[in-house]
Amino acid sequence: MASGVDSDVFEQLVATVERFARERLIPAEHRVEEEDDIPEEIVTEMKEMGLFGLSTPEEYGGIGLSVPQEARLIETLCYASLTFRSLIGTNVGIGSQGIVMDGTPEQKEQWLPGVASGDVIASFALTEPDNGSDAGGIRTSAKRDGGDFVINGTKRYITNAVRAGVFTVFARTDPDKPGADGVSAFIVPADTPGITVAKPDRKLGQKGTKTSDVIFENVRVPESAIIGGLGNLNKGFRTAMKVLDRGRIHVGAMAVGQSQRMLDIATDYALERKQFGKPIGEHQLVQGLIADCQAELHAARALVRASADTFDREGKAIVEASCTKYFCTEAAGRIADRALQIHGGAGYMAEYDIERLYRDIRLLRIYEGTSQIQQLVIARRTLAQRAA
Ligand code: COS
């Protein structure tokens with residue numbers, strides 16, 4: 001392994017998180033669903049375990065996992081509801097990685113210790129009402145005014161915005177360049193005057209996660225707020241894409257963790273539930289469903305590991321990351337569907353966990369780049385490589 005923490009320390013961490021997921025998080029899932037929030041004592045425990053700083057370099061107070069280690073730990077954590085991962089997800093991934101990857105030493109010093117401890121929640125503000133998949137089409141503007149930039153615009157579906165201490169905001173700094181080229185990334189403290197966080201959205205699943213609109217009205221930031229400094233003016237789109245590449249491997253790992261949970265639930269049900277005089281697991285058509293889940297789960301897990309290794313070795317893995325997110329999340333959707341089918345009528349009922357997991361998993365094929373965007377990235381780069 002090229003980086004990360006010592007393997008003994010890492011194995012202990014995995015064992016601790018595995019216990020935490022099974023003994024603390026899974027029993028709290030119903031409460032989270034009912035209250036649409038994560039209990040404060042669990043937030044505190046997650047902070048104490050260092051989960052907010054999994055990927056933050058050790059020199060800034062984090063654990064400093066490598067990408068393969070992060071993937072394995074996230075898979076372990078995501079045996080429990082995805083909602084718990086969402087709380088730490090923006091600090092471990094998209095909200096902070098722009099600063100980790102491209103920030104100046106001063107920016108890292110200022111923000112990363114708080115991100116690592118969980119005292120500062122970092123939120124990633126890219127998507128807008130009119131620009132989701134077309135991330136290069138950003139309309140939020142950041143106009144120069146002396147030594148400052150003044151940000152105006154609306155960001156949409158921003159995870160953890162209501163909890164945020166800082167936003168990484170993508171805004172157009174060159175109005176004459178309509179596409180990806182005129183965009184810069186800014187670090188904006190959440191208490192900067194002019195920022196309004198709207199009330200959380202109502203969603204199909206993942207109750208307890210918080211997404212909202214964030215409105216920027218004449219929000220003034222110094223030019224030193226540009227991630228990487230003034231030299232990175234108009235280069236923010238690349239930062240966003242690099243952050244998302246890493247995030248896409250992370251989402252693949254989430255899909256694997258949830259797929260294992262759904263397969264285990266469905267298998268337990270198949271062993272217990274009797275029809276035609278024997279457990280339904282003894283019927284070959286049910287076995288077919290179980291086998292397809294297991295085969296896809298193995299493939300998904302192997303793909304996450306391979307692309308995480310590539311990212312660790314080469315510092316990027318654009319096609320691999322998109323293949324991983326695409327395959328693992330689509331497979332998780334199929335596994336959710338089969339797991340629910342194995343439950344028959346019970347699968348449709350809210351008292352069985354599979355009904356909730358089925359709703360929760362649906363988002364994975366959408367956020368951090370839809371399946372269709374992953375197809376586009378994979379195909380464009382495959383064609384370009386052969387044409388070169
Ligand atoms: N890493 C580094 N640089 C990258 C990159 C990556 N993964 N992907 C693209 N770039 C660079 C390109 O190399 C290009 O730079 P040059 O002009 O110097 O060559 C620039 O960024 C623009 O790239 P491209 O032309 O591919 O941009 P497009 O506008 O065509 O969009 C897609 C590319 C569609 C792939 C991008 O907009 C995307 O990923 N959209 C989905 C956004 C998303 O995931 N949203 C979820 C929000 S977070 S929950």
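This is a predicted model: local features need pLDDT of at least 70, side-chain atom pairs count only at pLDDT 80 or more; totals for chains, interfaces and linings use all residues.
Residues are numbered from 1 along each chain as its sequence is written, and side-chain values use heavy atoms, with hydrogens and water left out. Local features need pLDDT of at least 70 and side-chain atom pairs count only at pLDDT 80 or more, while totals for chains, interfaces and linings use all residues.

The largest nonpolar core has 68 residues. A nonpolar core is a set of buried Ala, Val, Leu, Ile, Met, Phe, Trp, Tyr and Cys residues joined through side-chain atoms within 4.5 Å. Buried means under 20% relative accessible area, exposed over 50%, and partly exposed in between (1.4 Å probe, protein chains only). The residues with the most contacts inside this core are Met46, Leu51, Leu54, Leu73, Phe84 and Ile88. Two or more residues each come from helix 1, helix 2, helix 3 (67-77), helix 4 (82-92), helix 7, helix 8 (284-314), helix 9 and helix 10. Helix 7 gives the most, with twelve residues. Helices (H or I, at least four residues) and strands (E, at least two) are DSSP runs, numbered from the N terminus.

Helix 11 covers residues 371-387. At 1.5 Å a residue, its 17 residues should span 24 Å, and its end C-alpha atoms are 24 Å apart, which agrees; the expected span is 1.5 Å times one less than the number of residues. The buried residues of helix 11 are Ser371, Ile373, Gln374, Val377 and Ile378. They cover an arc of only 165° around the axis, so they are on the same side of helix 11; the arc is that of the directions from the helix axis to the C-beta atoms. An α-helix has 3.6 residues a turn, so residues three or four places apart point the same way. The face turned away from the buried side of helix 11 carries the exposed residues Gln372, Arg380, Leu383, Arg386 and Ala387. Helix 7 (236-272) and helix 9 (318-342) are among the parts that cover the buried residues of helix 11, where contact means heavy atoms within 4.5 Å.

The structure holds four aromatic pairs. Rings of Phe, Tyr and Trp (its six-membered ring) pair if their centres lie within 6.5 Å; planes under 30 degrees apart count as stacked, over 60 as edge-to-face and the rest as tilted. One of the pairs, Phe124 with Phe170, is edge-to-face, at 5.1 Å centre to centre and 65° between the planes. Phe124 lies in strand 1 (residues 122-125) and Phe170 in strand 4 (residues 166-172), so this pair ties together parts that are 46 residues apart in sequence. Both Phe124 and Phe170 are buried. Tyr269 and Tyr352 also form an edge-to-face pair, with 6.2 Å between centres and 90° between planes. Tyr269 is buried, with a relative accessible area of 13%, whereas Tyr352 is partly exposed at 33%.

The ring of Tyr79 has the charged end of Arg22 over it, 4.0 Å from the ring centre. The charged end of Arg261 also sits over the ring of Tyr79, 6.0 Å from its centre. A charge sits over a ring if NZ of Lys or CZ of Arg is within 6 Å of the ring centre and within 35 degrees of the ring normal.

Asp36, which is not a glycine, has a positive phi near 55°. Asp36 is in the loop between helix 1 (7-35) and helix 2 (40-48). Asn218, in strand 7 (residues 211-222), has a positive phi of about 50°.
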